[in-house]
Amino acid sequence: MASTPTPRTELTGATVVVTGASSGLGRGVSLALAASGANVVLAARRSGLIEDLAAQIIEAGGNSLAVTTDVSRGEEVARLGAAAAERFGQLDVWINNVGVGALGFFWDIPAEDHARIVDVNLKGLILGAHEARGRFRAQGFGTLVNIGSIDSEVPLAYQASYAATKAGILSIGRSLNEELRLAGFEGIHVCTVMPWAVDTPWWIHAANYTGHTPRMAAMDDPALVIDAIVRACVEPEEEIPVGAKARVSNASHQWFPELTERLSARLAEREIAKAAPLPHTSGAIHAPMSEGAGINGGIRDRMAREDAQRH
């Protein structure tokens, strides 16, 4: 009789699916997981980037598989899960690192851009969660790590549909955890990671209808969030605000919701006013772009240059 796979308490030999792996947090998490001995299944739309990343991991002595995936398409998400299982057997962790955005007043952003954000951020996460949960149920364990945002708790002006989808992610995580308890699936965990604004290529890829280059005050370094996501793979908590700014903002909104929303809106407005002019763009939300292939987005450096020019 075949032995029953058992859940892992460390990353060595664990199989982890990472969506959005071509750049930013997904790329950084994939490299960190591989360095910790995990089998990493890379998913993103940009085939060349994830294939190169898989080759880099393998050359360094790790195990990796690249699967081109648009998370808004159910058949592609199902193919991703099947490819991971076929290559590595049991699936220990699924990281739903999905997130495209649009910046600007709600009415200035085209309806098709709003729809695409919902299609990727919410529908794509639901499809990933459904695929992962099915495989976790069959083996009796698994960890689903959903990447939310502080916007999951605090709605932010100029990011209405993005914030709405991130709020939905937090709600889904809470509901899933209760359903898993009711169904008796003690070995399956759902974790929502909630970072502050992070200096990644997300800002380069976002649709932007503000008329200015994208900015946000006091951006966090990607390494802070990458460490939190990797830690969540083996020490899952239901909700993880990452860093002091996210924790304070999260607590502030729970105690003083209207004040926190007003202050957050004014902060976003002030940052936009400081930025250099930029023509309207749909960014990479409908189709991938070649720009923004690293972990760091270089946004803080560009903001420093803009601030220096103003003075």
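Predicted model: local features only at pLDDT ≥ 70, side-chain atom pairs only at ≥ 80, totals over all residues.
Let me begin with a term: a residue is called buried when its relative accessible area is under 20%, exposed when that area is over 50%, and partly exposed in between. Arg-116 has a relative accessibility of 13%, and because that is under 20% it counts as buried.

What does this buried arginine pair with? The side chain of Arg-116 meets that of Asp-70 in a salt bridge, with 3.3 Å from N to O. The two partners come from distant parts of the chain, 46 residues apart, since Asp-70 sits in the loop between strand E3, residues 63-68, and helix H3, residues 74-88, whereas Arg-116 belongs to helix H4, residues 111-139. Asp-70 is buried, as Arg-116 is.

Arg-116 also forms a salt bridge with Asp-119, and here the closest N and O atoms are 3.8 Å apart. This second pair stays inside H4, the two residues being three apart, or about one turn of the helix. As a reminder, an α-helix has 3.6 residues a turn, so residues three or four places apart point the same way. Asp-119, at 25% relative accessibility, counts as partly exposed, while Arg-116, at 13%, counts as buried.

Let me move to another pair, Arg-215 and Glu-306, whose side chains meet in a salt bridge at 2.9 Å, N to O. Elsewhere, salt bridges that share partners join Asp-70, Arg-73, Glu-76, Arg-116, Asp-119 and Lys-123 into one network. For the model as a whole, the count comes to 18 salt bridges.

Now to helix H3. Which residues of H3 are buried? They are Glu-76, Val-77, Leu-80, Gly-81, Ala-83, Ala-84 and Phe-88. These residues cover an arc of only 160° around the axis, which puts them on the same side of H3. On the other side of the helix, Glu-75 and Glu-86 are exposed. The cover over the buried residues of H3 includes strand E1, residues 15-19, strand E2, residues 39-44, E3, strand E4, residues 93-96, and also H4. After H3 comes Gly-89, with a positive phi near 85°.

Finally, I would point to two residues other than glycine whose phi is positive. In Tyr-158 the value is near 75°, and this residue lies in the loop between strand E6, residues 142-147, and helix H5, residues 160-183. In Ala-218 phi is near 55°, and this residue is found in the loop between E8 and H7. Are these two residues buried, or partly exposed? Tyr-158 has a relative accessible area of 16% and is therefore buried, whereas Ala-218, with 49%, is partly exposed.

Conventions: Residues numbered from 1 in each chain as written. Heavy atoms only, no water. Salt bridge = Lys/Arg side-chain N within 4 Å of Asp/Glu carboxyl O. Helix = DSSP H or I, 4+ residues; strand = E, 2+ residues; numbered from the N terminus. Buried < 20%, exposed > 50% of the residue type's maximum accessible area, 1.4 Å probe, protein only. Arc of directions from axis to C-beta. Contact = heavy atoms within 4.5 Å.
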